[in-house]
Amino acid sequence: MKLNYYSFILIAILIAFSNTCVFSQDNQNFTVILDAGHGGKDPGNSHHGFVEKDIVLKTTLKVGSYLEKTPGFTVIYTRTTDVFIELAKRPKIANKANGNAFVSIHCNAVKNYLPHGTETFVMGMSRSDLNLEVAKRENSVILLEENFKDTYQGFDPAKPESLIGLTMLQEENLSNSIMLATEVQDNFTNNLSRNSRGIKQQPLWVLDAVYMPSVLIELGFLSNKEEGEYLNSEAGQDEMALQIANAIIAYKKKYFGL
């Protein structure tokens, strides 16, 4: 099989299901989808009077405000008010927006009041096959188009050899997700002296279903009263939001050179 055929496959995939792990020089803006977890009838974690859905919404909006003031960024939110958004709809919003990165923000909690610290999750390898199946299913719409073989240079989502490109892109997304997660965790630790619980891989649907680098950030534990007070405060939200925004900006500069 000729090398240029693989190139055609990769190009077709990028066009077909809007995977944006590679940032185009023609696109002046880097699109970030910010996802405030929970909302509406789903409060998330609640401890000591601290409510996750409220804290993450305020923090997420602050992250967006920082990014919107930075040239070269477009910010899209899955929610901007206290409304319930179905889990399956969140990645659809990101995919429809052709996003370059998806960032979901949450707060942790456990029965033990002692644990504290931040942690950032990326897609778990145990669900990588699911991600591939989702991509294949969404990509199958190509077959409904007239002259799809000419339009997509021979790419056929029903053929096994065409899935090579899908796998390559998925692996790159995971690698880039880890890079973004590292920027986030390093900022929390180095600039705010927050306890880091590390970067973890976990089978989380909201990460698995997006076609771009994605992370889920746990700001801290609401079950830990001291940490909950910090995250519930205006100052704490400002500080955490700034570090997340700076991590996204640094990620863009380091890995996209823009």
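**The core and its helices**

Tutor: In this predicted model, Leu-219 is in contact, beyond its neighbours within four places in sequence, with Thr-59, Ile-105, His-106, Cys-107, Gly-117, Thr-118, Phe-188, Leu-231, Met-240 and Ile-244. Leu-219 also belongs to the largest nonpolar core, a set of 40 residues, where Val-63, Leu-67, Val-103, Leu-219, Ile-244 and Ile-248 have the most contacts. Helix 9, spanning residues 234-256, supplies the largest share of this core with nine residues.

Helix 9 packs against helix 2 (residues 52-68) at an angle of about 50 degrees, and their axes lie 8 Å apart. Helix 2 is therefore oblique to helix 9, and the crossing of the two is right-handed. On the helix 2 side, the contact is formed by Ile-55, Lys-58, Thr-59, Lys-62, Val-63, Tyr-66 and Leu-67. Their counterparts in helix 9 are Glu-234, Gln-237, Asp-238, Ala-241, Leu-242, Ile-244, Ala-245, Ile-248 and Ile-249. By class, the residues of this contact comprise ten nonpolar, two polar and four charged.

Gln-243 is likewise located in helix 9. Gln-243 counts as buried because its relative accessibility is 8%, which falls under the 20% limit. Apart from neighbours within four places in sequence, Gln-243 is in contact with Asn-187, Phe-188, Asn-191 and Leu-192. Between Gln-243 and Gln-185 the C-alpha to C-alpha distance is 9.0 Å, although 58 residues separate them in sequence.

Definitions and conventions:
Residues are numbered from 1 along each chain as its sequence is written. This is a predicted model: local features need pLDDT of at least 70, side-chain atom pairs count only at pLDDT 80 or more; totals for chains, interfaces and linings use all residues. Side-chain values use heavy atoms; hydrogens and water are left out. A nonpolar core is a set of buried Ala, Val, Leu, Ile, Met, Phe, Trp, Tyr and Cys residues joined through side-chain atoms within 4.5 Å. Buried means under 20% relative accessible area, exposed over 50%, partly exposed in between (1.4 Å probe, protein chains only). Helices (H or I, at least four residues) and strands (E, at least two) are DSSP runs, numbered from the N terminus. Contact means heavy atoms within 4.5 Å. Axes are lines fitted to C-alpha atoms, for helices over the stretch in contact, and angles run from 0 to 180 degrees between N-to-C directions. Angles under 35 degrees count as roughly parallel, over 145 as roughly antiparallel, 65 to 115 as roughly perpendicular and the rest as oblique. A crossing is left-handed if the near helix is turned anticlockwise from the far one by less than a right angle, and right-handed if clockwise. Ala, Val, Leu, Ile, Met, Phe, Trp, Tyr, Cys and Pro count as nonpolar, Asp, Glu, Lys and Arg as charged, and the others, Gly among them, as polar.
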